[in-house]
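Please consult the sequence and the coordinates alongside the text.

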Amino acid sequence: MLANSVIETVGNTPMVKLNRIGSHTKANIYAKLEYMNPGGSVKDRVAFQIVEDAEREGLLRPGGTIVEATSGNTGMGLALAAALRGYKCVFVMPDKMSEEKIKALRAFGARVVVTPTNVEPDDPRSYYCVSKRIADETPGAFYANQYHNQSNPKAHYRTTGPEIWRQLDGKVDAFVSAAGTGGTISGVGKYLKEQRNDIHVVAADPIGSVYYDYFNTGRMPPAYSYTVEGFGEDFLPTTMHFDVVDEVVRVTDAECFEYARRLVREEGIYTGGSSGGAVAACVKLAERLDREVNIVTIMCDSASRYLSKVFDDEWMRQNGFLRDDPMEGTVADLLSVRDPSKLQTATPDDSVRSVIEKLKQFGISQLPVLVDGRVHGIINERDLLDHLIRSGDALMPIRDLVETRFAIVELRNKVSLLSQFFAQDLTVLVMDGGRIIEIVTKIDFIAYVSSTSARAQKRR
Ligand SMILES: Cc1ncc(COP(=O)(O)O)c(C=O)c1O
């Protein structure tokens, strides 16, 4: 694509089928990569529509200032549009937002005012009130007002909806979107329902936001704070058109973050927590429908804005979203914390005495017994002792004393598998590349679990 201006690169984003996430269901989940817009989010579409409409209506004039209460993404879009058309920008955002988002806005030359998160929307310190005051006090200011500006859903009705319909040749059964201002779900939902009224439109809503309760009861519940950024609200924006919404699915902070991390690591989709929430809702829907359907969702913005949060293990741990579960480690992890040793082996023809010598020399209590390089069984000190007490014959080959009950694990297996084998009193051998490379003992297992738990406790 050769563009004459960055404006032409907004929209027409790719749609990608998820291959791993949701593969246990019968649904196809398609993700529209809105983070590939030039400002890095779904909001570029909205910002350009808002500026275009404001210019046409005479609300924004040359030299004017765009003011907005934004959690960042609309700001990026507006800052882009402002840079291209020569406007100034002031953005007001709550203090729970990522440093990355604030810095990105400043990079465009915008002024950013940070306000406290935990105040009521009608408190004069809230970001809604502060942004409104700045708009009132600045000459030539235009308050973009994405929560009540109908250019917001219009952008999605005009562009995102038709793109989805075209990309899937009309084969859309459900549309799922994280709902913040509601612009995306309202615009796309309206367009899709006009094409086929039975398309199921689902809003993903973080627990703590008001949408779920309001949608299901018609009453406003108290809102409480949550950690995931960019979606859910504590009031009802007029850009949220519930008439095109069929269902609201609740998602937890933990689900949003878990799915965001999985999207990056398993699908290569470099996106943030609200997209994680949308995909979590897609999976819940797919599990419930239990039939082959095409579900489309929106990857709202880029993981780059959350590198010091969702994608930072320390931040995740400090906020209780990442547990140090030793059972989640692999056999390779267990071996990596153990003192390295060279595997000692025996053959069935070795004498009882020579095996005892070897056990003594290396301070070990059992050996794998190999025949032509393949495991035949295990010889252990307990059976040797029983034999000596019974017959006293130290020169006899160990052949008849070999224990043939044992278990084999691979380096990539979870440590939790070991506990099952140890519970059955099996000796565990580690195989790699078709060769036995190690024996894992109960004491190795105990040492690994206790050191992992101790490390986790120290960090807390
Ligand atoms: C990261 C992120 N996700 C989701 C949304 C929600 O989109 P909408 O406002 O269209 O409902 C936003 C909106 O600001 C956002 O910034």
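**The ligand shell and the protein around it**

The shell around the ligand consists of five nonpolar, 11 polar and two charged residues. In this division Ala, Val, Leu, Ile, Met, Phe, Trp, Tyr, Cys and Pro count as nonpolar, Asp, Glu, Lys and Arg as charged, and the others, Gly among them, as polar. The model is predicted: local features need pLDDT of at least 70, side-chain atom pairs count only at pLDDT 80 or more, and totals for chains, interfaces and linings use all residues. Residues are numbered from 1 along each chain as its sequence is written.

Of the 18 residues around the ligand, the nearest are G180, T184, G230, S274 and C300; a residue is near a molecule if its C-beta atom, placed from the backbone, lies within 6 Å of it. Two or more residues of the shell come from each of α2 (73-85) and α6 (183-195), and α6 gives the largest share, three residues. Helices are DSSP runs of H or I with at least four residues, strands are runs of E with at least two, and both are numbered from the N terminus.

The domain assignment, which is automatic or from a database, gives domain 1 (6-38 + 153-318), domain 2 (43-143) and domain 3 (327-459). Domain 1 and domain 2 each supply at least three residues to the shell around the ligand. Between the C-alpha centres of domain 2 and domain 3 the distance is 65 Å.

We turn next to the interior. A nonpolar core is a set of buried Ala, Val, Leu, Ile, Met, Phe, Trp, Tyr and Cys residues joined through C-beta atoms within 7 Å, where buried means that 20 or more other C-beta atoms, placed from the backbone, lie within 10 Å of the residue's own. The largest such core has 58 residues, of which I29, V176, A204, A281, C282 and I295 touch the most other members. Helix α9 (residues 273-289) contributes its largest share, eight residues. Beyond neighbours within four places in sequence, C282 is in contact (C-beta atoms, placed from the backbone, within 7 Å) with G22, I29, V176, I295 and T297. Another core, of 36 residues, lies apart from the largest one and includes M76, L78, Y87 and A104.

Finally, the overall form. The protein has 15 helices and 15 strands, and 42% of its 460 residues are buried. Along the principal axes, its C-alpha trace spans about 105 × 50 × 45 Å.

Terms used: A residue is buried if 20 or more other C-beta atoms lie within 10 Å of its own, exposed if 12 or fewer, and partly exposed in between; C-beta atoms are placed from the backbone. Two residues are in contact if their C-beta atoms, placed from the backbone, lie within 7 Å.
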